[in-house]
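Work through the exercises below with the sequence and the 3D structure at hand. Each task is followed by a solution in steps.

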Amino acid sequence: MSGRAQLMWDEAVTGYDFGPDHPMDPVRLALTRSLVSAFGLDREMDVVSAKPAGESTLRLVHREDYVAAVKAASADPGGADGSYGLGTMDDPAFAGMHEVSALIAGQSVGAAEAVWRGDALHAVNFAGGLHHAMPGGASGFCIYNDASLAIARLLELGAERVAYVDVDVHHGDGVQAAFWEDPRVLTISLHEHPRTLFPQTGWPEETGADSAEGSAVNVALPAGTGDAGWLRAFHSVVPEVLAEFRPQVLVTQHGADTHFEDPLAHLAVSLDAQRAVQVALHDLAHEHAEGRWVALGGGGYAVVDVVPRSWTHLVGIVAGREIAPETMIPEEWRQQVFARTRQLAPVRMTDGRWPVEWAGWEAGYDPADRLDQAVLAARKAVFPLRGLLP
């Protein structure tokens, strides 16, 4: 086992660009990569550019006709077939769309291969985490579902139990759908309640098909949930289920759109709480999966103030060189941000909320509290199916 972690990166992933008015601005990837470099984290890791996912790999999850439709839209964006979710407001077609989407998917698949084969204990692809893409269609800014493809590749390589934990503000619907009938994959999603946010799925009652009961776990949080509630919900569900499942590999998705500044959602989580969950997932990988950890990015639309800091913290944790929250941000990066975006960059790697306080479930709960109701709904729905007490 290599002692060095892998950072999956190819400059060409910044070509995943739906246009100037789209929230998914690829500058968030470029700024994250440069902040990682400004802190010297890339010198602590093996920086690897994996090959794009090929046809046979894509078809581990995606239907042949859908891949063909993406290729056609990539060659002729004006002729995109809307029945596949292509050429829509969420997923506009653009030239080269297939190639760059396959490249991002290839980085996540490469990360999974490296971790499974022992080339690295941890690997991170912050350009990935495109969790809404379905086997037969694009959805929610996502063309190919790199998270599902990474998991499918792990299964192909012989993994018998893979756990996926998704802390994006949106439900990880595409990954859940891909493995709905497969008891070898445990999907856990912690997200804003489907009543108030796309994709309107991820109800606690969604627990997997009859052949895989209890393999899908959904914690649907009320709008407005802040740090203490978010961390309470995470720690009240995720560790117990992972301990029972005993994954051989942990795959995690770290959408930064839970943040209180994110323009597309309604949670009120700080950068400091996001970092706390990143640390917790790292520790859970070591506790339950012998350290085998594949970490992915995801959503996040506060592209200057939030995303680069959140994912740089993630890269630091993956690399084994955590960045202290109070750390000042290098001035050269702040100047680069202003030059590229005409926005003022943040000054420190914290929102000023560290350490984040939260109360554990074992201390009791309030049945009238909306957050505790959400946690209890998830526990009641899935814990008995896994032989756990709700």
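## The annotated span

The end C-alpha atoms of residues 22–316 are 29 Å apart, and the span is 38% helix and 12% strand. Helices (H or I, at least four residues) and strands (E, at least two) are DSSP runs, numbered from the N terminus. An unreviewed UniProt entry annotates residues 22–316 as "domain: Histone deacetylase"; UniProt positions are given in the numbering used here, feature names are shortened, and such annotations may be inferred rather than shown by experiment.

The model is predicted: local features need pLDDT of at least 70 and side-chain atom pairs count only at pLDDT 80 or more, while totals for chains, interfaces and linings use all residues. Residues are numbered from 1 along each chain as its sequence is written, and side-chain values use heavy atoms, with hydrogens and water left out.

## Exercise 1: Gly298

Task: locate Gly298, decide whether Gly298 is buried or exposed, and list its contacts.

Step 1. Gly298 sits in the loop between strand E8 (293–296) and helix H9 (307–319).

Step 2. Buried means under 20% relative accessible area, exposed over 50%, and partly exposed in between (1.4 Å probe, protein chains only). Gly298 has a relative accessibility of 3%, so Gly298 counts as buried.

Step 3. Contact means heavy atoms within 4.5 Å. Leaving aside neighbours within four places in sequence, Gly298 is in contact with Arg28, Phe126, Gly128, Gly129, Asp168, Gln253, Gly255 and Trp311.

Step 4. Gly298 and His170 are 128 residues apart in sequence, and their C-alpha atoms are 9.6 Å apart in space.

## Exercise 2: Aromatic rings

Task: count the aromatic pairs, then describe the pairs that Phe94 forms with Tyr16 and with Phe18.

Step 1. Rings of Phe, Tyr and Trp (its six-membered ring) pair if their centres lie within 6.5 Å; planes under 30 degrees apart count as stacked, over 60 as edge-to-face and the rest as tilted. By this rule there are nine aromatic pairs.

Step 2. Tyr16 and Phe94 form an edge-to-face pair, 6.3 Å centre to centre with 90 degrees between the planes. Tyr16 lies in the loop between strand E1 (6–8) and helix H1 (27–38), and Phe94 in the loop between helix H3 (64–75) and helix H4 (97–117), so the pair ties together parts that are 78 residues apart in sequence.

Step 3. Tyr16 counts as buried at 4% relative accessibility, and Phe94 is buried with a relative accessible area of 11%.

Step 4. The ring centres of Phe18 and Phe94 are 5.6 Å apart and their planes are at 85 degrees, so this pair is edge-to-face. The pair links distant parts of the chain, 76 residues apart: Phe18 is in the loop between E1 and H1, Phe94 in the loop between H3 and H4. Phe18 is buried, and so is Phe94.

Step 5. One aromatic cluster is formed by Trp9, Phe126 and Trp311.

## Exercise 3: Helix H3

Task: find which residues of H3 are buried and what they pack against.

Step 1. H3 has twelve residues and reaches 17 Å from its first C-alpha to its last, close to the 16 Å expected at 1.5 Å a residue. The expected span is 1.5 Å times one less than the number of residues.

Step 2. Tyr66, Val67, Ala69, Val70, Ala73 and Ser74 are the buried residues of H3.

Step 3. Down the axis of H3, these buried residues fall within an arc of 160 degrees, so they line one face of the helix. The arc is that of the directions from the helix axis to the C-beta atoms. An α-helix has 3.6 residues a turn, so residues three or four places apart point the same way.

Step 4. The buried residues of H3 pack against helix H2 (55–58) and H4.
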